[in-house]
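Hi,

Here is the model I promised to pass on. Have a look at it first, and then read my notes below.

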Amino acid sequence: MIKKEMIAMLLAGGQGSRLGVLTSKVAKPAVAFGGKYRIIDFPLSNCINSGIDTVGVLTQYQPLRLNTHIGIGIPWDLDRNRGGVTVLPPYEKSTSSEWYTGTANAIYQNLEYMELYNPDYVLILSGDHIYKMDYELMLDYHKANNADVTIAAMPVPIEEASRFGILVTDEHNRITEFEEKPANPSSNLASMGIYIFSWPVLKEALIRMKDEPGCDFGKHIIPYCHENKQRLFAYEFNGYWKDVGTLGSYWEANMELIDIIPEFNLYEEFWKIYTKSDILPPQYFAENSKVFRSIIGEGTRVYGEVYNSVIGSGVMIEEGAVIRDSIIMQNVTIGAGAVIDKSIIAESVEIGEGAVLGVGEEAPNTLNAKVYSFGLVTIGENSYIPPRVHIGKNTAISGITEASDYDNGLLPSGGSIIKGGADR
Amino acid sequence: MRAIGIVLAGGNNKAMKELSSRRAIAAMPVAGSYRSIDFALSNMSNSHIQKVAVITQYNARSLNEHLSSSKWWDFGRKQGGLYVFNPTITADNSVWYRGTADCIYQNIDFLKNSHEPYVVIASGDGIYKLDFAKVLEYHIEKKADITVVVKELPPEEDASRFGVVRMNPDMRITEFEEKPIEASGNTVSTGIYIVRRRQLIELLEKAASEDRYDFVKDILIRYKNIKRVYAYKLDSYWSNISTVDSYYKTNMDFLKKDVREFFFNQYPDIYSKVDDLPPAKYNPGAEVRNSLVASGCIVNGKVENSVLFKKVYVGNNCVIRNSVILNDVYIGDNTVIENCIVESRDTIRANCRYTGEDGKVKIVVEKNERYNM
């Protein structure tokens, strides 16, 4: 019988709706990050670097990009004879069929998968954080405490604490109270959504709570374990950990990578981050190109100017184009003479020549002021921006737009153009 | 495709000087992200050849490391796959490979145990893109015994380090001079051949029985009047990297738009072993013009008309001009490098100056202790 001490279950089915048009076609874990990576590369690389070779990836929302990215797990050395990576979509059962209705419900629906490996411990991860963490150390801590559940946690500023699950602990780090998104937090130790469960405890809780609608770890399973007087411990983590759930935090986390010595260092030999790379050639800089404080992926051709930006692989930046403070994902073409300021441009977008992005004063977005703020221009994948249009701040564009979509050639700050059928 | 492939990657060459003292020529890094043998292997893979043998001998360690997994070229198959043949001692053989024919002959079981009717033979030091299926079609159409892929060199290039061929109007090869003192023409053999498998077995066994070991001298030239030896003209880019000057020039060719687009942006792709390196990073002070930069590089200085291979670190105020910097080189602050090839894993101190004089390319080998700096 196969026996794995610890297996990982990676929740990658969420839409991440606060990323707006960036996730209209892909699940959040598949969104590009840091020039050549996708967000899911970070937890997957952490797994293999921590010695975990069996990972179930739970997908639901728009899984195509994730499926093709993960494949049989070759980039992460997760192509194994026993174990390896398995993509776990929701499926039809003889008695019922339902989507994954919550984080714990998704895990519950895959009890069989976990049983297959006969684990002692199960690690629950989410596919939307940027960090490097050795889960083996966390497991050692779990064992040393003889814990039933260990929750990774980090201190956050108290004013932000109400966005998280908050842990109150005693002097031995044992959790005495658990508050999910409290209005008045009584501690600043926030759960990072990373759990190690002793397998019998997890199994019992999942089965017991299976009829809970939208069964969720933070809302149901952890409180259930707590009420049953199980040994819950907090594992304090003080390294770099970033939730890239909003456009603002996503932009910031990318921009931090271009600091001279970034807090999150991709250049360390130890703890490499792996990804599937399709594009191999080196990048080319033309005679009149300029580059300053930027990171740039493979095969990108720079004929224009790039300042303070994160540029993906296979990007074409034509002559006279200027890019500042922006994130450009892979296979984008920036037309000659275009000026791009503080924008996030998703994969395979084409920007017509002479287009100007990020002009004028800020104004609140009329479609969704909460999502499209931070002064950013956000363009969804496969979009087309016609030549010489001007686009203001806090704007969102998705689809093949035409010159007639822009009044007098301008999309003012706060405006949006969302078109269907962005297939080209 | 109805052929198996053989890549000859065993050769050494004094013309590569220090660069080949620790690696086989087929393992020479090329164009920032590749190694020389990737071109032959990718061409075979893209021509749907499923079974390929790489024959190595000289300094094979770096090459074996590069070939440690066959999946990068899509050779990780149950049918066929990638075979690496190093010289071995057996009950009836205890010699090294004595030549290009002998190295195939010593592995003749590979030929005998295959069922594909044709064999494509290529060398590991050519930089080109070629659909072998087209060459095979031509080979069959000409009813040839051996087809040699040839290239017309530009008149200014010296053909005397190659095999120089002459053809009749039907493209049958009538003259073949290996490395002549003075070249009588500028059409040269690229070292790429197609032969029927049974024909090749027969020719190799005959040569071996007469103690002849060289494919060109003892098979091509010796049989050219008896067998039908035809030339197939390659019209796109081809270059052989086996001298320092041609190695340097080949890398510099990739700074030309047409060459770069041909290899990097036109289908099909060239594959290579994937290194998990982060994107290249440009700090304040970086100035990059007409240059190629591979992943994992960190640039703080000036780079002009140069090729930086993977994981090169360029310090503050450095000037790198007309140079090829191989993998994993560390260059300390304020150093100037001009017209040089810098050997991989070099560590170059701050405030140094290396320049190749009078149009000559200088090879820099500097093994300083990196972590004491």
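Helices (H or I, at least four residues) and strands (E, at least two) are taken as DSSP runs and numbered from the N terminus. On that basis chain A comes to 8 helices and 33 strands.

Before the rest, some housekeeping. This is a predicted model, where local features need pLDDT of at least 70 and side-chain atom pairs count only at pLDDT 80 or more, while totals for chains, interfaces and linings use all residues. Residues are numbered from 1 along each chain as its sequence is written, chains are lettered from A and ligands numbered from 1 in the order in which they are written, and side-chain values use heavy atoms, with hydrogens and water left out.

Now the overall shape of chain A. Its C-alpha trace spans about 65 × 50 × 45 Å along the principal axes.

On to the interface. Counting contact as heavy atoms within 4.5 Å, 40 residues of chain B meet 39 residues of chain A. About 3100 Å² is buried between the two chains, with carbon and sulfur atoms giving 54%; buried area here is the accessible area (1.4 Å probe) that two parts lose on being put together, summed over both. There are 3 salt bridges between chain B and chain A (a side-chain nitrogen of Lys or Arg within 4 Å of a carboxyl oxygen of Asp or Glu). One is formed by Lys71(B) and Asp79(A), whose closest N and O atoms are 3.9 Å apart.

Which elements of chain B each supply at least two residues to the side that touches chain A? They are helix H9 (257-264) and strands S14 (280-282), S15 (287-289) and S16 (291-293). H9(B) gives the largest share, 4 residues. That side of chain B divides into 21 nonpolar, 11 polar and 8 charged residues, with Ala, Val, Leu, Ile, Met, Phe, Trp, Tyr, Cys and Pro counted as nonpolar, Asp, Glu, Lys and Arg as charged, and the others, Gly among them, as polar.

The part I'd look at next is the sheet. Two strands pair if DSSP finds at least two bridges between them. An open sheet of 11 strands with mixed pairing runs in the order S29(A)-S26(A)-S23(A)-S20(A)-S17(A)-S14(A)-S16(B)-S19(B)-S22(B)-S25(B)-S28(B). Its edge strands, S29 (384-385) of chain A and S28 (362-364) of chain B, each pair on one side only. Where the chains join, strand S14 (residues 283-285) of chain A and S16(B) run antiparallel, with 3 bridges; Tyr284(A) has Leu292(B) as its bridge partner. Within chain A, strands S23 (residues 333-334) and S26 (residues 350-351) run parallel through 2 bridges, and Thr333(A) stands opposite Glu350(A).

A few local points to finish:

- The whole structure has 43 salt bridges over all chains. In one of them, Lys3(A) and Asp120(A) bring their closest N and O atoms to 2.7 Å. Lys3(A) lies before strand S1 (6-11) and Asp120(A) between helix H4 (111-117) and strand S6 (121-126) of chain A, so the pair ties together parts 117 residues apart in sequence.
- The peptide bond from Tyr267(B) to Pro268(B) is cis, with omega near -5°; Pro268(B) sits in the loop between H9 and S14 of chain B.
- Lys342(A), in the loop between strands S24 (339-341) and S25 (343-345) of chain A, has a positive phi near 40° although the residue is not glycine.

Cheers
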